[in-house]
Amino acid sequence: MTSAPQVKIPATYMRGGTSKGVFFSLTDLPERCQVPGEARDNLLLRVIGSPDPYGKQTDGMGGATSSTSKTVIVAKSSQADHDVDYLFGQVAIDRPFVDWSGNCGNLTAAVGAFAIMSGLVEPPKIPENGVCTVRIWQQNIGKTIIAQVPITNGEVQETGNFELDGVTFPAAEVPVEFIEPVDPSEAMFPTGNLVDQLEVPGIGTFNATLINAGIPTIFLDAAEIGYLGTELQDDINNSAEKLAYFENIRTAGALKMGLINHPDEAKTRQHTPKVAFVAPAQSYQASSGKLISADDIDINVRALSMGKLHHAMMGTAAVAIASAAAIPGTVVNSAAGGGERESIVFGHPSGTLKVGAKASDIDGQWRIDKAVMSRSARLLMEGRVAVPADSF
């Protein structure tokens, strides 16, 4: 039997926010993988170590969670007034599937730094000391994102004292702006309602805010579905019954939002929509053991990603939280106490996060001008990733 050699591809392993993934420059990929298709998907699956029936991704770069089973492809931008194009692939752990349906807001924080390090940002834009503004075109959703990357002595500054709950060590702060996360010509609320009656077959009917801002998200009232809003991962992820319950809700919401036409399609669209539940501020102990006081937050939020309760909060879901909180009458806004607001501090399993969004009502239609949050990013390893030549 002839064995296939390994192909070695330039790659960078980076943390962005509370996620990490394998980053590639588009032109470093094998030629047949520089375009969308089966070859590209198969390559990324093998890089990450999927599909893995053991659920560990031992034979790849993945970390066996939705937050660590991620890939990014960056290229010089094809769009005017942008520096780079950013394409995100969420790799399933136990199935041969790469989901291209949405963005990763956390890894967005690392895209600017990667682009600068990889020579994809024009040198005149990079100061000797200060901040480099990187304009990113997010290809999955067709939106503009602006990352403010700190620069020291002409290089990306990665270390610092900015602390982000869900990340062990402090690093340099990277403010990220999501410009018009909802296109003015599109409906932020696909059903036209701030709150819908979401009927979930075999389970019940619940009040839900179905919003498309940052990423399509289904927001539920925690108490209405029998939860407190202070749950940690083990409270949900260790129960197949609970996970199936939330997947049924996600499927029903996807249908109502018009994202799928048949329940079976939800299986091939795991990354979107997200499902989250909210509750008024309550004190709780975070997964790190840190006590989160109700006095320090406006609301509790728990969200599921790729079928599991997230250990912190997806960046794109944080945009959805900020957007929904800014609009009076939504499930999120009501849980936070109602009224108008331009920022919110929410509690998640790992701690807290502050996000902002500016909403405006124009002729009866809500729009979000931009959403803002601070994350951090750090290069973990750079070099070449090896995959068998016959795997893609």
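Six helices and 20 strands: that is what the chain is built from, and please keep in mind that what we have here is a predicted model.

Let's go inside for a moment. Of the 392 residues, 53% count as buried. Now take the contacts between residues at least 6 apart in sequence: 63% of these join residues at least 24 apart.

And the outside? The accessible surface comes to about 16,400 Å², and carbon and sulfur atoms account for 48% of that. As for charge, there are 30 positive and 43 negative side chains, with the centres of the two sets 4 Å apart.

Now for a few individual residues, if you'd like to follow along in the structure. Start with S25, in strand β2, which covers residues 19-25. Is S25 buried or exposed? Its relative accessible area is 10%, under the 20% cut-off, so S25 is buried. Which residues does S25 touch, once its neighbours within four places in sequence are set aside? They are V74, F114, S118 and L120.

Next, two prolines. The peptide bond running from S50 to P51 is cis, with omega near 0°. You'll find P51 in the loop that links α1 (38-48) and β3 (70-76). Further along, T272 and P273 are also joined by a cis peptide bond, here with omega about -5°. P273 sits in a loop as well, between α4 (240-256) and β13 (274-280).

With a relative accessible area of 65%, D81 is exposed. For E180, phi is near 40°. Where is E180 found? Look in the loop between β9 (173-179) and β10 (196-200). Its relative accessibility is 27%, so E180 counts as partly exposed.

So that's our tour, from the whole chain down to single residues.

Definitions and conventions
Residues numbered from 1 in each chain as written. Predicted model: local features only at pLDDT ≥ 70, side-chain atom pairs only at ≥ 80, totals over all residues. Heavy atoms only, no water. Helix = DSSP H or I, 4+ residues; strand = E, 2+ residues; numbered from the N terminus. Buried < 20%, exposed > 50% of the residue type's maximum accessible area, 1.4 Å probe, protein only. Contact = heavy atoms within 4.5 Å. Areas by Shrake-Rupley, 256 points an atom, 1.4 Å probe, with all protein chains shown as cover. Lys, Arg positive; Asp, Glu negative; His and termini not counted. Charge placed at Lys NZ, Arg CZ, Asp CG, Glu CD.
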